[in-house]
2 protein chains.
Amino acid sequence: MENLRYHYKYPHPNVTTDCVIFGFDGNKLNVLLVERGLEPYKGRWAFPGGFLNMDESAEAGALRELQEETGLKGAYIRQFHTFSDPNRDPRERILSVAYYALVRLQEVKGGDDAVKAEWFSLDNVPPLAFDHDEMLQMALKEMRKQIHFEPIGFELLPKKFTIKSLQQLYEAILNVKFDRRNFYNKMIHLGLLDQVNHDDENDVKEINFKFGPLEIDASFTRKPRRDALLYTFNAKKYEEMKQKGFKLEF
Amino acid sequence: MENLRYHYKYPHPNVTTDCVIFGFDGNKLNVLLVERGLEPYKGRWAFPGGFLNMDESAEAGALRELQEETGLKGAYIRQFHTFSDPNRDPRERILSVAYYALVRLQEVKGGDDAVKAEWFSLDNVPPLAFDHDEMLQMALKEMRKQIHFEPIGFELLPKKFTIKSLQQLYEAILNVKFDRRNFYNKMIHLGLLDQVNHDDENDVKEINFKFGPLEIDASFTRKPRRDALLYTFNAKKYEEMKQKGFKLEF
DNA sequence: GCAAAAGTGTTATCATTACACCCATGG
DNA sequence: CCATGGGTGTAATGATAACACTTTTGC
């Protein structure tokens, strides 16, 4: 009992942040899961997360966890819900402020070797610990909603990408199919894309993960007969358009 | 020190829920504020809220607070953000899980007399306590976003309403003007409205508040030459349409 | 009968959808 | 030279925006 050093007049819940990390493998949307090494739910997969420090905001906590798991600093994260069921954690009353993150698989180096982490494609996600199944569904829903208003998809692609891969990404996220020509026309006319040449040596290249059995779909790397043009996302143009008010829909 | 009865191995933050309560007076969007009777920020206006009980979810806590302040049970509420800056409350580390509520002004009876509560139109909101200014802005932004996808506006109107008042509501929320005829056409063709007759005695009537100096704009109650048709929102039809997938935009 | 607000339709414009042809390249 | 995927345009369709006339009713 000696180590119960923190005293309060009223009971306090504890608070964690959890992070649903989305990555795109060129074909499907993936999430990064870690295997729990401790009870409760030992051996089950869950989203990376952990207790909030007393001197950090929830966002800072989520970014810290994210860096610990993926090595990424300053990734794109977004708070989408706080889970607060009194019984969601069997240990004590714990709220979780949940974020989703959009990261480039290509840049994920892997973190701590202490935790076993693995990418799972969305149609292959195992049963998760705590209320993380619900967390995933809500993250997906919110992310799909957001992509109607903001070009967040670009966070998931390499800096330089083809329109085809952009289309595959949108199709994977929204679970729909677009006509190749209409998608191209819309994208070009939006003016958010800058064409770039791909003389640069380190463009798409091989993707080398330390994480589990992720197989990059061949269609992402197979050499087509004709090289596709590469584009980048013009964030400045986007900001301009946002000032004037516009809708970005798919 | 004897009353510090709750002991933890690690420090715990405290958690509140706060509720941005929106109401429509027929002309402008209003929020319900309470005057703080205690330090910190004594005398400043703030959103109703309070500490989360250990056995209730954040949503249950927000509904409880809402009922205490407005007398409304089971109102429409929606979680939109958790505020977590470590210094947002000078007393101790406190997170706030924030909700917005959409209520019918007509049905708000007022709660506890202990607290001074008042409606403020959006262009007349005083400086608020804590980070509640930011809270208001975010609530507005999220609510405006949501109204593009779901007909939440109906929560703010009486059960029976005219298309004109529905238009005024949308204009107040989105801060735009619509062509009266186009708005009418769109609404009618959407099929979400059922026409009802207004032989019922207790329809719109007088609005009688116990709250502050709210003045209902005369245009809401002034008798026009010709009675406008009354409509109700057809929730069943809405659910049907949602199944089939549709977009509700304005 | 006229002023004020309500109900409603028609056309022009713009965005979305469906669809097809030519080009570049590696084998 | 041909198979494969890439770049791009055009016509039909549907949605949104602009706009005006008629009806009701209290005075």
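**Entry 1: naming**

Strands here are DSSP runs of E with at least two residues, helices are runs of H or I with at least four, and both are numbered from the N terminus. I am working from a predicted model.

I started with A:Tyr41, which sits in the loop between β3 and β4 of chain A. What is phi of A:Tyr41 near? I found it near 60°, a positive value in a residue that isn't glycine.

Next I looked at A:Pro40, which belongs to the loop that runs between β3 (29-35) and β4 (45-46) of chain A. I checked the peptide bond leading from A:Glu39 into A:Pro40, and it is cis, with omega near -5°.

Then I went over to chain B. B:Pro40 lies in the loop between β3 (29-35) and β4 (45-46) of chain B. The bond from B:Glu39 to B:Pro40 is cis, and I noted omega near -5° there.

**Entry 2: A:Ser57**

I looked up where A:Ser57 is and found it in the loop between β5 (49-51) and α1 (58-70) of chain A. Which residues does A:Ser57 touch, leaving out those up to four places away in sequence? I listed A:Leu52 from chain A, plus B:Ser84, B:Asp85, B:Pro86 and B:Arg93 from chain B.

I also took the distance from A:Ser57 to A:Tyr184. They are 127 residues apart along the chain, and their C-alpha atoms are separated by 41 Å.

**Entry 3: chain A against chain B**

I have 37 residues of chain A in contact with 37 residues of chain B. The two chains bury about 3400 Å² between them, with 57% of it on carbon and sulfur atoms. Which three residues supply more of the area that chain A buries against chain B than any other three? They are A:Tyr8, A:His12 and A:Met54, and they supply 19%.

**Entry 4: two domains in chain A**

How many residues of domain 1 of chain A are in contact with domain 2 of chain A? I have ten residues of domain 1 in contact with nine of domain 2. The area buried between these domains of chain A is about 820 Å², and carbon and sulfur atoms give 62% of that. On the domain 1 side, I see A:Phe24, A:Arg104 and A:Arg144 losing the most area to domain 2, together 58% of what that side buries.

**Entry 5: α3 and α4**

I wrote down who meets whom. A:Ile163, A:Leu166, A:Gln167 and A:Tyr170 come from α3(A), and A:Arg180, A:Phe183, A:Tyr184, A:Met187 and A:Ile188 from α4(A). The residues of this contact divide into seven nonpolar, one polar and one charged.

The axes of α3 (residues 163-174) and α4 (residues 180-190) of chain B come within 10 Å and cross at roughly 105°, so α3(B) and α4(B) are roughly perpendicular to each other.

**Entry 6: the two ends of α6 in chain B**

Last stop was helix α6 (residues 235-244) of chain B. At its start, I see a side-chain oxygen of B:Asn234 reaching to within 3.1 Å of the backbone nitrogen of B:Lys236. After α6(B) comes B:Gly245, and I noted a positive phi for this glycine, near 80°.

Conventions: Residues numbered from 1 in each chain as written. Chains lettered and ligands numbered in written order. Predicted model: local features only at pLDDT ≥ 70, side-chain atom pairs only at ≥ 80, totals over all residues. Heavy atoms only, no water. Axes fitted to C-alpha atoms, helices over the stretch in contact; angles between N-to-C directions. Parallel < 35°, antiparallel > 145°, perpendicular 65-115°, else oblique. Polar contact = N/O pair within 3.5 Å; in protein donor to acceptor, adjacent residues only side chain to side chain. Contact = heavy atoms within 4.5 Å. Buried area = accessible area lost by both parts, 1.4 Å probe. Nonpolar A, V, L, I, M, F, W, Y, C, P; charged D, E, K, R; others polar.
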